[in-house]
Amino acid sequence: MKAARFHARKDIRIEDIPEPELRAGTVKIDVAWCGICGTDLHEYLEGPIFCPAPGHPHPLSHEESPVTLGHEFSGTVAEVGEGVEGLAVGDNVVVEPYFVDGTCDMCQAGSYHLCRQMGFIGLSGGGGGLSEKIVVDQRWVHPIGNIPLDEAALIEPLSVAHHAVARSGVKEGDVALVGGSGPIGLLTAAVLKGMGVTTIISELTQARKEKATSSGVADHVLDPSQENVPERVRELTGGTGADVAFECAGVNAVLDTMLDAVRPGAVVVNVSIWGAPATVDMQKIVLKEIDLRGTIAYVRDHPAVIKMVQEGKVDLKPFITGRIALEDLVEQGFDTLINHKDTAVKVLVHP
């Protein structure tokens with residue numbers, strides 16, 4: 001079958017590899033759509049990060065580069081292994097793309113997303129959604145009912161957003177500031193709006209500002225090149241500042257803005273994956289008693305997110321801005337999102 005394989009930095013190849021074999025307790029899935037994630041872009045430009053380097057296999061997948069990419073994907077069950085219950089051939093599904101050991105203190109406590117050896121399917125081995133088929137342990141497979149398969153490819157990043165919002169402690173009636181309206185920023189705003197939170201988005205690029213408005217996820221869209229974002233946030237909140245803020249850009253200036261724009265005692269959640277160490281003005285955190293929180297991926301978020309989409313609280317259609325074939329992954333996918341990101345939000349690949 002065809003698969004997109006990460007070999008090294010700026011070296012992703014479409015190759016023929018053997019089709020994965022079904023095992024007891026697993027499900028074989030025909031991949032329908034797979035999104036290109038910002039993490040994939042980081043791997044391409046700066047990796048290996050999550051992808052295991054040659055000679056250093058991941059402790060759970062036992063794979064090293066080259067590995068198949070793609071962790072935001074949807075598909076249809078093609079086969080079920082011995083012992084699998086509750087899933088049938090023909091079911092449309094998404095995958096929670098984890099490797100966890102199940103034995104460490106974090107796994108035993110239920111925080112499997114913080115597993116001491118955690119890895120991601122589609123980054124750390126185990127196949128990936130940028131291939132024609134994949135075999136996954138039943139534990140990680142979630143049925144999606146009547147959600148269209150293209151929209152369902154965004155369930156994984158929406159789960160990232162849902163977990164970040166849960167980490168913030170935000171509640172209905174609060175005001176939230178989202179720094180950056182790339183896919184994760186937009187989906188974070190979508191979850192917030194679905195909860196009855198007033199959302200303010202700060203974004204530079206025209207296409208993404210327009211998407212924040214046209215999708216309905218933002219009550220206010222601010223351009224930091226044209227206005228002082230912290231001042232505008234205080235104006236919009238009666239001089240108080242935002243109750244929570246989400247850094248979704250991986251840019252130091254955005255993090256600084258989040259710290260300036262929140263009220264005393266607020267929570268700032270860092271959602272983005274950083275390509276280099278950040279600097280943090282600790283004096284702002286100290287003087288305003290800001291809680292700065294990290295968040296990684298998701299933990300038991302997929303069922304709640306699937307329900308939000310099924311109930312119409314989040315509409316995923318507006319965020320899909322491109323659909324391409326696997327063969328065009330680098331030229332029309334990665335190149336667009338890296339060099340022409342003002343023209344695209346979420347590009348889906350049909351393997």
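A nonpolar core is here a set of buried Ala, Val, Leu, Ile, Met, Phe, Trp, Tyr and Cys residues joined through side-chain atoms within 4.5 Å. In this predicted model, the largest such core comprises 89 residues, and those with the most contacts inside it are Ile 155, Phe 246 and Leu 316. A further core of 17 residues lies apart from the largest one and includes Ala 242, Val 262, Val 268 and Ile 285.

The surroundings of Ile 155 were examined with residues up to four places away in sequence left out. On this basis, Ile 155 touches Val 94, Ile 147, His 302, Val 305, Ile 306, Val 309 and Leu 316. When neighbours within four places in sequence are set aside, the contacts of Ile 147 are with Ala 152, Ile 155, Ile 306, Val 309 and Gln 310. Between the C-alpha atoms of Ile 147 and Pro 59, which are 88 residues apart along the chain, the separation is 35 Å.

Helix α8 (residues 252–261) also contributes buried positions, namely Val 254, Leu 255, Thr 257, Met 258, Leu 259 and Ala 261. The elements covering these buried residues include strands β11 (175–179), β14 (242–247), β15 (262–270) and β16 (291–294), together with helices α7 (229–236) and α9 (282–288).

A contact between helices involves α1 (residues 38–46) and α11 (residues 329–339), whose axes come within 11 Å and cross at roughly 95°. Because angles of 65 to 115 degrees count as roughly perpendicular, α1 is described as roughly perpendicular to α11. On the α1 side the contact is made by Asp 40, Leu 41, Tyr 44 and Leu 45, and on the α11 side by Val 330, Phe 334, Leu 337 and Ile 338.

Lys 2 has Asp 16 of β2 as its bridge partner. The two strands form a hairpin with 2 residues between them, and Lys 10 in the turn has a positive phi of about 60°.

According to an unreviewed UniProt entry, residues 7–326 are annotated as "domain: Enoyl reductase (ER)". Over this range the chain is 27% helix and 26% strand, with the end C-alpha atoms 16 Å apart.

Technical notes
Residues numbered from 1 in each chain as written. Predicted model: local features only at pLDDT ≥ 70, side-chain atom pairs only at ≥ 80, totals over all residues. Heavy atoms only, no water. Pairing = 2+ DSSP bridges. Helix = DSSP H or I, 4+ residues; strand = E, 2+ residues; numbered from the N terminus. Buried < 20%, exposed > 50% of the residue type's maximum accessible area, 1.4 Å probe, protein only. Contact = heavy atoms within 4.5 Å. UniProt positions renumbered as here; feature names shortened; annotations may be inferred. Axes fitted to C-alpha atoms, helices over the stretch in contact; angles between N-to-C directions. Parallel < 35°, antiparallel > 145°, perpendicular 65-115°, else oblique.
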